[in-house]
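Here's a quick briefing for anyone opening this structure for the first time. Have a look at it, then read on.

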Amino acid sequence: MSVAPVIEVERLVKSYGRHTVRALDDVTFTVPKGDIFGFLGPNGAGKTTTIRILSTVLDPTAGTIRIDGHDLGDDPLAVKERLGLMPDEVAFYPTLTGEQHLLYYASFHKVPRAEARRRAKESLERFGLGEAGSKKLKAYSHGMKKRLALAQCLLHDPEVVIMDEPANGLDPQGMRYFRDLIRSLHHEGKTIFLSSHLLSEVEQLCKRVGIIDRGRIVAVDSIENLTARLAVGAPTILHVTAAELSDAILEAVGAISGVTAVERTEAGAKVTASPGADVGPDVSKVIVLGGGKLREIRTEQRSLEDLFLSLTGGGPV
Amino acid sequence: MNLLTFFRGLPQVARQEFLANLKSIRLLIMVAVLALAVVGGSYGLSGGTGGTNLPALVMWPHPAYEANGSQMASVFVSDPFGSPRVDVRVTFSTSFRATGDLGEARTNASGFVRFPVWNRTEVFVTAQTGTVQVGSQITWFPSLVNFTWATDQFDFGGDSVRETLAIHVVDRSGAPAEARLSVNGTYVRDVDALGYGRLGLPVGPSDITIEVDTEAQTFPVFVFEDPVGSLFGGPDATLFILSAFFLYLIVPIFAIVVTFDAVSKERVQGTLDLLLSRPVSRSGVLLGKFLGAFAAVAFPVTLVNLVGLGVITATSGESPSGGFATAFLGFTLLLIAFYVLLQIIFSTLAKTGGTAVLFGVLVWLLFNILYNVLTLVVGLLIADPAARFQFGLYAGLGNPSSIYQQLVLLYAPLNLTGFFGGTAIGGDVLGAAAAVWLVVLLVLALWVFERKAAA
């Protein structure tokens, strides 16, 4: 990888209660600068624990974390300056207004008061909270709180944005809004650490993912590589959509080198071939020459979900 | 970790904590409670009264004689203004225990009871209505004049000076006498048809003369400028009672009410993670929480205390001595610091809002009620009398409320501590104990927060 990693997590361990329960066990991964990194795992796998440690809320039991080269243990303030956190639970002070929240949080980042006011106003406008900015938080809907969470997370222009289940509890429009926003942050060059259990969300946004299960990292790679790796050793499956498939044609398909099984389906046939075998052209030729009316041959794609289920032992997502 | 890092986040968190608390309803409620206690106490204790210091029932007992010469008690029962109290139970007894062994009677429409006592030379008489009971003694002895009188002094002005002399006069038969009343030889008025008369007297000595027909009796009466003052009056005494008996109970409640969920609330509502992820140090956040909450309590409490000092000065005409007033203001701040720190510690340990409330109640109970019981029990367990004595002397140092009380005692004028009981522990020991308490609580708070804040 040519780009220097901006998040480096090395042999991270977090244990509770006399070190008997290991919430995180030897977690290691890196995130290159400017990447959108998907962090996947079943509930209770250690996603939020990892995020709380990354965002300096929780102290690790062992291991090192570097953000943009700054060691979290040695120089936590430098790390904190470079981080923006959007927590899973969007929780704020009920009696403060949206704007007061932003000013309060900005005050920790040494943003001058006038500049903080300007940024708060701008950021409230950007996230559609222009009018709500002067309202107390107890009047906010869940979606508004989510947007305020974003505003506070980006207010100090952090290099690394950590998001814990950002699409949680949002309606489809809200989820689309968030997707677009994450993409635009990506274009601004920010590194995004996106924890989610919504696989489709991660699939649409991230190139690389890390998968955690029971406190251990089970895979870190690009989605392509991971699915390819999954495909290795697995049979290739072709779904054939065709009419007038005679038994003779199916027999001929079954005789093609590499094909291990053929079965008739409602739309046509399902052809299973040995791993790595590229039987598509032969199958289409046999069907067409045999007089079948071929409409489509589709190679079955291994999805992130298959990958996820196979890596996490099919546990609940 | 350098010093700047150690305090990182302190001013922001302190400011936020201060402002949030200042605007909270619970603080307003506590200010109202405190103001009522301090301002009301200052006014009431320095002699201003709402006119409630007049007795509900006044009894005028007289020795009298039947026409055949046998002895008889004539008792008039009225209010302080001479209006008769009808149907009041009056009992007669042979001893001061007021068993009513001689019998009882009820006052008639004129407020009188006449009760034969035959040849007894003294009886004890009580009058009772509701739960108010007054008692007195009547003795029969040869008299130079053919009438008897009873007197009482009242404070009708509500200024603690009992400048009104009420007189009740009956003749030898126990019936209201037609008496003329004079002060220092000058005729003032006759008593009314029931024998009651009232004289306004100047402060100091006066000679009162009662004339019935041709007979006259003169006796001296003294109106004290401030009858309570001779015991424990004055602005210092008021301030002392206020701080040692009222504020030492209320100020901790104030501090606890404001601080009990300072940390737990952030955790429960989920704002703690976002706060800790900022460029702050744990120590900075904790100290900011402490200073903000402390200021939010100290500011209104000091304000109310200053108003209280003003009220004391206004009602008693002179201000409390400067050193004592300053000590009072300062030690109250110390008391606030103790309890705010205690609550911050427990608030960090509390996982839920309910636990935080419970901890608050327990802390108050511990240092205001349970501690005394505990030291009492421990004291009883110490067999050696000398050791027990030493323990009793210093046991209070384990209780921040007690340290406050003793410090206030230490700075109170000596004539007050003579009356209320002082402290046998020197200022150096008390000061050291206070400092140790502060440092230990502060270090403990930092340590607990470092470990438990985001656990």
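Let's start with helix α9 of chain A: what covers its buried residues includes β12 (259-264), β13 (268-273) and α10 (280-289) of chain A. Helices (H or I, at least four residues) and strands (E, at least two) are DSSP runs, numbered from the N terminus. Keep in mind that this is a predicted model, where local features need pLDDT of at least 70 and side-chain atom pairs count only at pLDDT 80 or more, while totals for chains, interfaces and linings use all residues. Residues are numbered from 1 along each chain as its sequence is written, and chains are lettered from A and ligands numbered from 1 in the order in which they are written.

**Helix α9 of chain A**
- In α9 (residues 247-254), the buried residues include Ile249(A), Leu250(A), Ala252(A) and Val253(A); buried takes 20 or more other C-beta atoms within 10 Å of a residue's own, exposed 12 or fewer, and partly exposed is in between, with C-beta atoms placed from the backbone.
- Looking down the axis of α9(A), the buried residues fall within an arc of 160 degrees, so they line one face of the helix; the arc is that of the directions from the helix axis to the C-beta atoms.
- Asp247(A), Ala248(A) and Glu251(A) are exposed on the other side of α9(A).

**Domains of chain A**
- Chain A splits into domain 1 (5-229) and domain 2 (235-301), with bounds that come from an automatic or database domain assignment.
- Between the C-alpha centres of domain 1 and domain 2 of chain A there are 47 Å.

**Where chains A and B meet**
- 21 residues of chain A are in contact with 17 residues of chain B; contact means C-beta atoms, placed from the backbone, within 7 Å.
- On the chain A side, the elements giving two or more residues are α2 (76-81), β6 (83-86) and α3 (98-107).

**Nonpolar cores**
- The largest nonpolar core has 144 residues, and Val297(B), Ile336(B) and Val340(B) have the most contacts inside it; such a core is a set of buried Ala, Val, Leu, Ile, Met, Phe, Trp, Tyr and Cys residues joined through C-beta atoms within 7 Å.
- Helix α8 (residues 282-316) of chain B gives the most to this core, with 15 residues.

**Leu22 of chain B**
- Leu22(B) sits in helix α2 (residues 10-22) of chain B and is partly exposed, with 16 other C-beta atoms within 10 Å.
- Leu22(B) and Val297(B) are 275 residues apart in sequence, yet 8.3 Å apart in space, C-alpha to C-alpha.

Technical notes: Two residues are in contact if their C-beta atoms, placed from the backbone, lie within 7 Å.
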